[in-house]
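Try each task before you read its solution.

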Amino acid sequence: MAREWECAPPPAAAAAFHAGLPGYRPTELLELPVLAEELGVGRVFVKDESTRLGLPAFKVLGASWAVAQVLAGSPAPAAGDVAARFTVAALRRAAADRPVELVTATDGNHGRAVAWMGRLLGLRARVFVPRVVPEGASAGIAAEGATVTVVDGPYDRAVERAAAYTAAGPGRTLVQDTAWPGYERVPGWIVEGYDTLLREVDTQLAGHGVPGPDLVTVPVGVGSLAQAVVTHYRARRPGRSVSPAILAVEPDTAACVLASLHSGAPRSVPTGSTVMAGLNCGTPSSLAWPVLAAGLDTAIAVPDRAAARAAADLARLGVPAGPTGAASLAGARAAMTGADARERRGDLAVTPSSVLVLLSTDGSAATTGAPASRIVV
């Protein structure tokens with residue numbers, strides 16, 4: 001069973017680094033009893049990532065840690081070394097001594113996070129976006145000082161263009177949040193960065209008198225955040241009890257993880273447009289796939305209308321989620337209500353006393369930004 005699978009624990013150094021970033025504070029974990037009543041469980045908590053370090057999504061946790069690792073070089077730091085080697089001042093000095101152009105592809109939020117790090121450290125950034133990305137998202141990236149290149153084709157094509165651009169010239173570093181054979185070190189650092197979010201959840205649940213969740217629901221694009229969730233909750237720890245069930249949620253127009261789980265091997269799927277723009281990815285990360293195959297309980301695909309409804313409902317409850325972040329609620333509803341719900345709830349070990357954590361990964365402002373002044377097509 002996925003809940004019995006174990007892996008090595010993620011390093012703690014990223015959380016120490018994030019604590020030193022300007023404006024850092026844990027994002028809110030909100031308890032929503034009305035959702036607990038609707039879903040027939042004991043308690044529901046929503047992790048609201050709409051204000052992470054002044055950006056409207058969690059992505060900066062991974063991008064910042066990866067850029068810091070690129071600039072600081074090896075060896076990788078222990079948590080106690082971060083204060084000396086990974087301060088913003090030290091990274092700015094490293095950037096001035098060895099300037100690089102940060103390059104990435106994005107559906108929106110990851111690219112903005114890389115651009116934010118470039119601005120913080122005085123580095124140039126170039127971000128490739130598929131044409132289907134909303135203009136507001138591209139404008140937000142450009143407002144951080146990045147050059148935005150629009151690509152005809154889906155997200156996977158934008159990734160190819162970013163990788164080719166990086167390889168074509170000196171002084172360019174690819175900071176991509178998906179992996180493929182031969183490119184896995186930087187995506188691994190990004191996954192490590194996401195663990196900060198989950199450490200916050202642990203502390204916040206403890207403050208509510210809850211030892212841990214029974215089910216975690218996570219939106220999935222290429223699977224890197226889901227990889228971080230599985231790694232965090234399946235890590236070998238002394239005295240670890242049975243870990244929670246983990247449910248991945250994808251758009252029904254871009255369900256690459258679900259297709260891969262059905263086939264037992266990574267699969268690419270064609271993608272179209274979706275209101276869940278941050279999840280519009282056609283190929284699982286090669287780094288994430290084996291972890292998800294071993295440690296993920298199940299995946300579910302939801303239509304745009306379900307994500308839009310979930311976003312509107314969360315907004316009424318005080319959580320400014322975009323459809324991408326609200327996919328976690330849409331997936332929980334699809335899994336635990338309606339036809340065959342009894343069987344699905346049994347598979348996930350969900351009972352009337354279960355504690356659910358829904359990861360709302362971005363805010364309703366994720367596609368807004370200042371007018372784009374440096375967009376190059």
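**Exercise 1. The second largest cavity**

Task: Sort the lining of the second largest cavity by residue class.

Solution. The model is predicted.
- Step 1: The lining divides into five nonpolar, one polar and two charged residues.
- Step 2: Now put names to them. L55, P56, A57, K59, V60, N109, R112 and A113 line this cavity.
- Step 3: Apply the class rule. Lys and Arg count as charged, so K59 and R112 make up the charged pair.
- Step 4: Look for the main contributor. Helix α6 gives the largest share of this lining, three residues.

**Exercise 2. The largest cavity**

Task: Find how many cavities of 30 Å³ or more the whole structure has, then describe the lining of the largest cavity.

Solution. 
- Step 1: The search of the whole structure gives two cavities of 30 Å³ or more.
- Step 2: The volume of the largest cavity is about 280 Å³.
- Step 3: Its lining has 25 residues. Nearest the centre lie F58, K59, G221, G278 and L279.
- Step 4: α10 supplies the largest share, three residues.
- Step 5: By class, the lining of the largest cavity has 11 nonpolar, 10 polar and four charged residues.
- Step 6: Compare the two lists of names. K59 lies nearest the centre of the largest cavity, among others, and K59 also lines the second largest cavity.

**Exercise 3. Helices α3 and α6**

Task: Classify the packing of α3 and α6 by angle, and say which residues make the contact.

Solution. 
- Step 1: Locate the helices. α3 covers residues 60–72, and α6 covers residues 109–121.
- Step 2: Their axes are 8 Å apart, at an angle of about 45°.
- Step 3: The crossing of α3 past α6 is right-handed.
- Step 4: α3 brings V60, A63, S64, V67 and L71 to the contact. α6 brings H110, A113, V114, W116, M117 and L121.
- Step 5: The class count is nine nonpolar, two polar and no charged residues.
- Step 6: Link back to the first exercise. V60 and A113 belong to this contact, and V60 and A113 also line the second largest cavity.

**Exercise 4. Two partners of α12**

Solution. 
- Step 1: Start with α10. The axes of α10 and α12 come within 9 Å and cross at roughly 50°. That makes α10 oblique to α12.
- Step 2: This crossing is left-handed.
- Step 3: From α10, the contact uses S224, A226, Q227, V230, T231 and R234. From α12 come A288, V291, L292 and G295.
- Step 4: The contact of α10 with α12 divides into five nonpolar, four polar and one charged residue.
- Step 5: Turn to α11. Helix α11 (residues 256–263) and helix α12 (residues 288–295) have axes that come within 11 Å and cross at roughly 65°.
- Step 6: The crossing of α11 and α12 is right-handed.
- Step 7: V257, S260 and L261 of α11 meet W289, L292 and A293 of α12. This contact has five nonpolar, one polar and no charged residues.

Terms used. Residues are numbered from 1 along each chain as its sequence is written. This is a predicted model: local features need pLDDT of at least 70, side-chain atom pairs count only at pLDDT 80 or more; totals for chains, interfaces and linings use all residues. Side-chain values use heavy atoms; hydrogens and water are left out. Axes are lines fitted to C-alpha atoms, for helices over the stretch in contact, and angles run from 0 to 180 degrees between N-to-C directions. Helices (H or I, at least four residues) and strands (E, at least two) are DSSP runs, numbered from the N terminus. A crossing is left-handed if the near helix is turned anticlockwise from the far one by less than a right angle, and right-handed if clockwise. Contact means heavy atoms within 4.5 Å. On a 1 Å grid over the protein atoms alone, a cavity is a set of points where a 1.4 Å probe fits but cannot get out, and a pocket is an open set with protein on both sides within 12 Å along at least five of seven lines; lining residues have an atom within 4 Å of a point. Grid points are joined across faces, edges and corners, and a volume is the space filled by probe spheres set on the points. Angles under 35 degrees count as roughly parallel, over 145 as roughly antiparallel, 65 to 115 as roughly perpendicular and the rest as oblique.
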